Amino acid sequence: MISLFSVSFISSLLATLFLIKTKRFHHKLSYDNDLSGTQKFHTLPVPRIGGFALVVGLICGGYYFASKSSYSLHLHFMYWAGIAAIPVFLGGLVEDLSKNVSARHRLLLAFLSASIAFNELDPGPKSIGWTWFDSNILVLPGISLAITLIVIGGVAHATNIIDGFNGLLIGFSIMSLVIFGNVCFQVGDLTLLSTIVIFAGTLMGLFFFNFPKGYIFTGDGGAYLIGFLLALISLLILKRNPEVSPWFPLLVMIYPVFETMFSIYRKKFLRKISPGVPDGIHFHMLIYKRIVPRFGAFACKHPNPLTSLIIWGFSLISLVPAFFWWRETWVMILVVIVFCVAYVVFYFWIVRFGRFRGK
C-alpha cells in the first residue's frame with residue numbers, strides 16, 4: 001500500500017509541477033482569466049487543468065498495481081472504473097478549456113459514466129436500510145440503475161459546487177477517503193482499499209500545489225472526476241460489504257450533497273431564481289466574506305485557505321462518527337440529521353451576522 005500511494009503521489013506531483021512550469025505554452029486555453037464572476041475568489045489568473053495531473057496519477061498508480069497483481073478481479077475493477085470516468089472527465093475538461101459546456105451537458109455525461117460503471121461494475125444498491133422500499137421498490141427493473149445515476153451524477157455535480165477555494169475539495173476528498181479506507185481495511189476489501197490508496201496519493205500530489213496557495217486548480221474536469229470516483233467507491237462499499245450501514249456513504253458525503261440540495265431550495269424557493277444560476281452566497285462563500293475577516297489581520301491576508309480550514313473542521317461533525325460507527329444505521333441517521341440542522345442554523349446565523357455587521 002505504501003508503494004501504491006508513493007507511485008500515485010509522485011506521478012501526480014510531477015505532472016502538476018509540469019503543468020505549472022509550462023503554463024506559458026497553454027495559458028490561453030487553461031487559465032481562468034475572468035476574475036469578475038460571483039463565484040471567483042482568486043486575485044490572479046490560475047490554470048484550471050489540474051484534472052490532467054489527477055489522470056496521470058491514477059493511470060500510473062493503476063498501472064503499477066496491475067504490474068504487481070495477478071488477481072483478475074482487481075484489474076477488471078480498475079480498468080472499468082477508468083473507462084467509465086472518461087465521459088464525465090472530458091465534459092469538465094472541455095468546459096475548462098472552452099468555457100462552453102453547460103452544466104446540463106456535464107450532468108448528462110456524468111449519467112453516461114454512471115451507466116458504464118453500472119453495466120460493468122454493478123454498483124447498484126441492494127438495500128437502503130428500509131425494508132418496505134427494499135422489498136417493493138428496489139426490486140423493480142431499472143430502480144437500481146436510476147439510483148446509481150442519481151448518486152453518481154449528483155455527487156459529481158456537488159463536488160464541483162464546493163470546489164471554490166484553495167484545497168477545499170481536495171482536502172475534503174482526502175478526509176473522506178480516509179474514512180472509506182478505514183472501513184475497507186476493517187472488512188478486508190483489498191480491491192477497494194487499493195483503489196482508495198491510489199486515489200488518495202493522486203489527490204495529495206495535486207494538493208501540494210493547490211493548498212495553501214492556489215498555483216493550480218482542479219477545474220471542472222478534476223472536480224467531476226473526483227466526484228465520480230467518490231460516488232462509485234461509496235456505492236461499491238455498500239454493494240460488496242453488507243455489514244456496512246446503508247447510510248454510511250451518505251454521512252461521509254453529506255457536506256457536498258446537502259450543500260447542493262440546500263442551494264437548490266434556497267435559489268428556487270427563497271430567491272425565486274433558477275437553481276442553475278450562479279450566486280455568491282453558498283455556505284463556503286459566506287464564511288469567506290463574513291466569518292474569516294473577523295479573525296484579524298492574518299486572516300485578512302490569507303482568507304482563501306482559512307475558509308477551507310473552517311469548512312474541513314465543520315465537516316468533522318459527520319466524518320468522525322462515520323469513522324467509528326460505520327455499522328450503526330441509527331447513529332448514521334442521527335448524525336445526518338444533526339449535520340443538516342447545524343448547517344441550516346449556521347448558514348442563517350451567518351446571514352444575520354452579516355446584516356448586523358452591515359456586510
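The model is predicted, so local features need pLDDT of at least 70 and side-chain atom pairs count only at pLDDT 80 or more, while totals for chains, interfaces and linings use all residues. Residues are numbered from 1 along each chain as its sequence is written, and side-chain values use heavy atoms, with hydrogens and water left out.

**Stop 1: the core.** Select L177, F180, F228, I237, F248 and F283, the residues with the most contacts inside the largest nonpolar core, which has 97 residues. Such a core is a set of buried Ala, Val, Leu, Ile, Met, Phe, Trp, Tyr and Cys residues joined through side-chain atoms within 4.5 Å. Buried means under 20% relative accessible area, exposed over 50%, and partly exposed in between (1.4 Å probe, protein chains only). Helix α10 (residues 219-240) gives the most to this core, with 14 residues. Helices here are DSSP runs (H or I, at least four residues), numbered from the N terminus.

Now centre on F180. Neighbours within four places in sequence aside, F180 is in contact with I196, L230, I233, S234, I237, F248, P249, V252 and M253. Contact means heavy atoms within 4.5 Å.

**Stop 2: helices α1 and α9.** Show α1 (residues 2-21) together with α9 (residues 190-210). Their axes come within 7 Å and cross at roughly 30°; these are lines fitted to C-alpha atoms over the stretch in contact, with angles from 0 to 180 degrees between N-to-C directions. The two helices are therefore roughly parallel, a label for angles under 35 degrees. On the α1 side, the residues that meet α9 include L4, F5, S8 and F9; on the α9 side, those that meet α1 include S194, V197, G201 and F209.

**Stop 3: aromatic pairs.** The whole structure holds 27 aromatic pairs. Rings of Phe, Tyr and Trp (its six-membered ring) pair if their centres lie within 6.5 Å; planes under 30 degrees apart count as stacked, over 60 as edge-to-face and the rest as tilted. Select F5 and F9, a stacked pair at 6.2 Å centre to centre with 10° between the planes. They are four residues apart in α1, about one helical turn. F5 is partly exposed at 30%, as is F9 at 22%.

Next select F324 and W325, a tilted pair at 6.0 Å with 55° between the planes. F324 is exposed at 54%; W325 is partly exposed at 44%.

**Stop 4: the aromatic cluster.** Finish with one aromatic cluster, whose members include F258, Y265, F283, Y343 and W349.

Methods: Parallel < 35°, antiparallel > 145°, perpendicular 65-115°, else oblique.
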